[in-house]
Structure formats: C-alpha cells, structure tokens
There are 2 protein chains.
Amino acid sequence: MKKDLNITPLNTLSLVDKVEMRINEYIKNNNLEVGDAIPKELQFAEALGVSRTVIREALSRLRTIGIIETKKHKGMVLSHPDFIQNFEKVIDSNLLEDETLKDIFELRLILEMGMVDILFARKTDEDLKELEEIVNRMESNNSESTVFKLENEVAFHGKLYEMSGNKTLQRFQNLLLPVFQYVHEHKLPNAEPFKYSKKFTTHRELLNFLKDDNIKAFRKGLSNHLEPHLNRVLEKAKS
Amino acid sequence: MKKDLNITPLNTLSLVDKVEMRINEYIKNNNLEVGDAIPKELQFAEALGVSRTVIREALSRLRTIGIIETKKHKGMVLSHPDFIQNFEKVIDSNLLEDETLKDIFELRLILEMGMVDILFARKTDEDLKELEEIVNRMESNNSESTVFKLENEVAFHGKLYEMSGNKTLQRFQNLLLPVFQYVHEHKLPNAEPFKYSKKFTTHRELLNFLKDDNIKAFRKGLSNHLEPHLNRVLEKAKS
DNA sequence: ATTTGTTATTATGTATAACATAATACAAAT
DNA sequence: ATTTGTATTATGTTATACATAATAACAAAT
C-alpha cells in the first residue's frame with residue numbers, strides 16, 4: 001500500500017564521493033600526466049578539510065580503476081589505467097545480468113565478424129604459418145576428446161584475434177571467451193545438433209582463404225562458420 | 001651496476017589485497033546471489049582478525065567495481081555489476097595510452113562492421129522510420145555548420161547501434177565515441193580530404209539498403225562509408 | 001484505527017591518534 | 001669507494017569514539 005509521491009529523493013553524496021570528485025578535478029585542472037606525482041594523503045586531508053580516512057577511501061577508488069598507483073611508503077603517481085583489467089573482476093564475479101551475458105555473447109560474434117578487414121590488412125606469412133600448425137593439430141587430433149577439441153578451437157580463433165594486431169581487442173576477446181562458453185552451454189536454447197543451411201566451412205578452408213588473400217570468401221566462410229551461434233541469438237530475437 | 005641475484009622477490013600483498021580476495025571467496029563459496037545480504041563490517045573484521053578500516057577499504061573496492069551496493073546505515077547486498085560503468089571513469093581520466101586509444105578507434109570500426117548481420121535480423125519498420133527522419137534532417141540541414149553535421153552523424157550511427165537491440169553494445173559504443181572523435185582529430189595522420197576509391201556511399205543510400213533488406217549492398221556500402229577511417233589505421237599499420 | 005512521537009538498537013560514515021614499516025637520503029664508518 | 005647506520009617521510013594498519021540514518025517496537029494522540 002505504498003503511496004507514490006512522485007518526488008525525487010535528494011541524493012546525499014557521501015564525503016568520500018565528493019572528495020573523489022575533487023581529486024579528479026585536481027588532476028584535470030593541473031594538467032597532470034602519467035608519471036606525475038600527486039600530493040600526499042595528509043596534504044589532501046588538510047587542503048580539503050577532511051580526515052585522512054576519507055582521503056584514503058577516495059584514493060582507494062582511483063587506485064581500483066587504475067588511474068593512480070601507489071609506491072608503498074613513498075607516494076602516489078598517475079598511471080595508465082588498464083582498459084580491460086576491471087572487466088576481469090566483474091566477469092569473474094558471476095553476478096552479471098542474464099541479458100548482459102547474452103549481449104556479451106553477441107558481442108563476441110560481432111567482434112569476430114567485424115575484424116575481417118583489419119585482419120586481412122595485417123596478416124603476415126608468419127601468422128599464417130602458425131595458424132596452419134594449429135589447423136594441422138586440429139585435423140590430426142581425431143581422438144575426439146571434447147576437451148582437446150575445444151582447446152584447439154580456442155587456439156584457432158584466438159590466433160585470429162592476435163593477427164588483428166589490436167592488443168585491446170585481443171584482451172577483450174580473451175575476457176569475453178569464458179562468458180561465451182558459459183552462455184553457450186547454459187543460457188541458450190537447442191544447444192547442439194545444428195543443421196547448416198549449406199556446407200559447413202572448416203578451419204582449413206578459412207585458413208586457405210586467408211592464404212589466398214580471398215577476403216570475400218573468408219567473410220562468407222566465417223559467417224557460415226559462426227552461423228549456428230548467430231542463429232541461436234537471432235532465434236531468440238524472433239520469439 | 002645492479003647485481004642480479006636471480007631470486008624472486010616475495011610479493012607483499014597488502015592486508016587489504018588479501019581481505020579483498022577472502023571476501024570474494026566468501027561470496028563464491030556461499031553461492032550468494034544478487035540481492036543477498038553480506039555480513040556487516042564488524043563481523044568481517046572479527047572473523048578475519050583485522051581492523052574495520054581494512055575491511056572497509058576492501059569493501060570499497062568491491063563497491064567501486066559494482067558487485068556490492070551499500071544501503072546507508074543498513075547493510076550491504078550483492079548487486080549486478082555494470083559491465084560498462086567502470087569504463088566511463090577510465091576514459092574520462094584522459095590517461096589511457098596512445099596505443100590503447102588507437103585500439104579503441106579501431107574497435108569502434110570493428111563493432112560497426114560486425115553488427116550488420118544482427119542489425120538486419122532485428123531492424124523494425126519503426127526503426128527505419130526514425131532513421132529516415134534523421135537522414136531527412138541531415139539533408140535538409142545544409143547550413144554547413146560542422147557542429148550540426150557531427151550531431152547528425154552521431155545520431156545516424158547511434159541509431160544503428162540502437163537497432164541492433166544489444167544494449168551493452170549500444171552503451172559500449174557510446175563510450176567509445178568520444179575516444180573515436182579525439183583520436184580522429186588529434187592522433188591520426190593526414191586528417192581530412194580523403195580520396196574515395198569509388199563513389200562515396202551516403203547515409204541515404206545506407207538507409208535504402210536497409211529498407212530493401214539488401215544486406216550485401218549495405219555491408220559494402222558501410223565498408224565504403226567507413227573507408228577513410230579504416231584506411232587511416234591501416235596506413236599506419238604499413239609504416 | 002491510523003497516524004504520530006519516542007526510544008533503543010544497529011550499521012555505516014567520519015574523525016582522531018597512534019604505531020608499524022618500507023623507501024629515501026645522507027651521514028658515519030671501514 | 002663501498003657499506004652500514006640513522007633520521008625522515010609516507011603509506012599501511014589498528015583502535016577508539018562519535019555522528020547519523022534506518023529500523024523496529026511501542027506509547028500517545030487524534
């Protein structure tokens with residue numbers, strides 16, 4: 001029997017919240033760059049008129065997202081935040097929403113389809129040689145061990161990301177992979193046997209398209225290769 | 001004249017580091033789910049034999065990455081971490097490495113090229129109507145104001161992401177956009193006049209491909225549309 | 001009977017003081 | 001000249017105390 005007063009509650013920012021903002025401003029306003037030192041905890045505390053406790057918690061937040069680094073017992077300096085690092089903990093927590101998990105599943109497909117141009121622009125002969133070795137292993141390894149199969153699958157696609165030359169993309173995909181596997185196994189309908197509309201494009205064929213510098217065929221082949229996954233998320237869309 | 005003793009330094013994890021891990025373990029081992037309450041600060045402090053200060057800093061980290069939420073003066077509960085949220089602060093800090101910035105620039109192109117399949121699977125007539133309105137505005141707005149042009153450009157491509165139906169992708173792209181603009185303007189060589197190898201594909205044409213359900217033409221057109229950007233990152237690759 | 005006021009309890013927010021420990025610079029010793 | 005000792009400094013950690021908001025239980029008022 002709650003009455004909806006339709007009035008927005010006033011947001012009481014905590015001291016730490018405010019201090020965090022102030023320190024961020026301080027860094028920006030002083031045009032500080034990576035490597036530059038920032039004032040000591042006590043200096044901040046005195047300047048802002050709050051206790052060291054509050055300062056420490058605000059600094060702790062900045063440290064958590066990676067924009068400052070503390071040299072123990074020495075001081076703090078600005079540092080390059082790691083774009084990817086925080087994802088790891090988030091993903092590792094197993095607390096993401098189901099919808100987000102599915103979004104991530106799609107994201108991985110999107111990335112792989114979208115990197116084709118860059119992949120072809122940057123692939124080297126050395127890359128292709130390595131990739132061929134992976135494919136060879138996949139074919140020789142007919143032991144049907146599901147674990148090995150998956151391992152090789154990951155190696156193949158992982159190599160593609162590596163070949164893109166985009167480290168952030170590569171790390172991002174590495175992070176997405178476990179989510180992909182998880183959603184694949186637990187969150188999507190009608191898991192296995194999938195009927196391909198056409199012939200299934202093998203890893204060997206994909207490799208050959210790369211070697212022949214045939215981007216069109218590769219794109220089509222990759223699309224075909226990923227079709228079962230893609231279809232599952234698209235089926236969902238229709239229902 | 002450093003002597004290399006060939007002995008690995010012992011990693012001195014701070015108490016907070018350890019406590020953070022312990023609390024993470026606690027959550028996992030007890031199979032706690034979103035919405036579940038976690039013990040009070042004092043209970044943690046007592047159980048782990050450390051001061052409340054340390055507990056608070058560890059909890060602060062978990063709060064920063066979004067896996068717990070504290071109801072002031074009441075207690076803490078597990079919450080869905082926001083996959084994107086942490087990026088905002090990182091990007092806003094202006095402290096990312098140049099290489100990461102360029103990676104992100106590419107990432108945005110990759111996303112846009114890669115989402116075509118999903119885009120076509122999910123687009124609705126309503127979407128197309130909205131998109132058409134945007135294109136109409138773009139064409140009528142011949143005031144040549146760079147600001148307006150950019151605004152419309154953003155609206156058009158933003159709408160494409162919205163049409164993908166993938167909220168995470170959409171938010172991700174929104175985050176990437178300012179980086180994209182920044183790199184576009186400050187970090188890449190030979191900025192403007194770009195000679196298209198073929199005829200430039202306009203927004204109107206892209207819209208029509210969508211309406212005609214012509215995915216092939218759209219893909220090609222989008223590739224052409226993004227060519228100047230793509231070429232710039234690929235030029236870089238060769239040098 | 002419902003609302004309002006009172007009170008006690010609890011948990012987080014904040015402040016303060018103190019000590020531990022590692023990094024650094026510099027003096028002292030050999 | 002290199003090593004060793006020492007003072008200083010800044011962060012890491014603990015302990016204690018109080019402020020404040022949420023909650024519940026119950027009394028008082030209409």
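In which helix of chain A is the place of Lys220(A)? Lys220(A) lies in helix H11 of chain A, where helices are DSSP runs of H or I with at least four residues, numbered from the N terminus. The model is predicted, so that local features need pLDDT of at least 70 and side-chain atom pairs count only at pLDDT 80 or more, while totals for chains, interfaces and linings use all residues. Residues are numbered from 1 along each chain as its sequence is written, chains are lettered from A and ligands numbered from 1 in the order in which they are written, and side-chain values use heavy atoms, with hydrogens and water left out.

Lys220(A) is exposed, at a relative accessible area of 58% (exposed, over 50%; buried, under 20%; partly exposed, in between; 1.4 Å probe, protein chains only). Together with Lys216(A), Lys216(B) and Lys220(B), Lys220(A) forms a positive surface patch (residues with over 30% relative accessible area and no salt bridge, like charges being joined within 9 Å; a salt bridge is a side-chain nitrogen of Lys or Arg within 4 Å of a carboxyl oxygen of Asp or Glu). Helix H11 (215-238) of chain A and helix H11 (215-238) of chain B each supply at least two residues of this patch.

His157(B), in helix H8 (residues 146-163) of chain B, is buried at 3% relative accessibility, and its side chain contacts that of His225(B) at 3.4 Å. Gln173(A), in helix H9 (residues 167-186) of chain A, is buried at 2%; the side chain of Gln173(A) contacts that of Arg108(A) at 3.5 Å.

Definitions and conventions
Patch = residues over 30% accessible without salt bridge, like charges linked within 9 Å, V, L, I, M, F, W, Y side chains within 5 Å. Areas by Shrake-Rupley, 256 points an atom, 1.4 Å probe, with all protein chains shown as cover. Lys, Arg positive; Asp, Glu negative; His and termini not counted. Charge placed at Lys NZ, Arg CZ, Asp CG, Glu CD. Polar contact = N/O pair within 3.5 Å; in protein donor to acceptor, adjacent residues only side chain to side chain.
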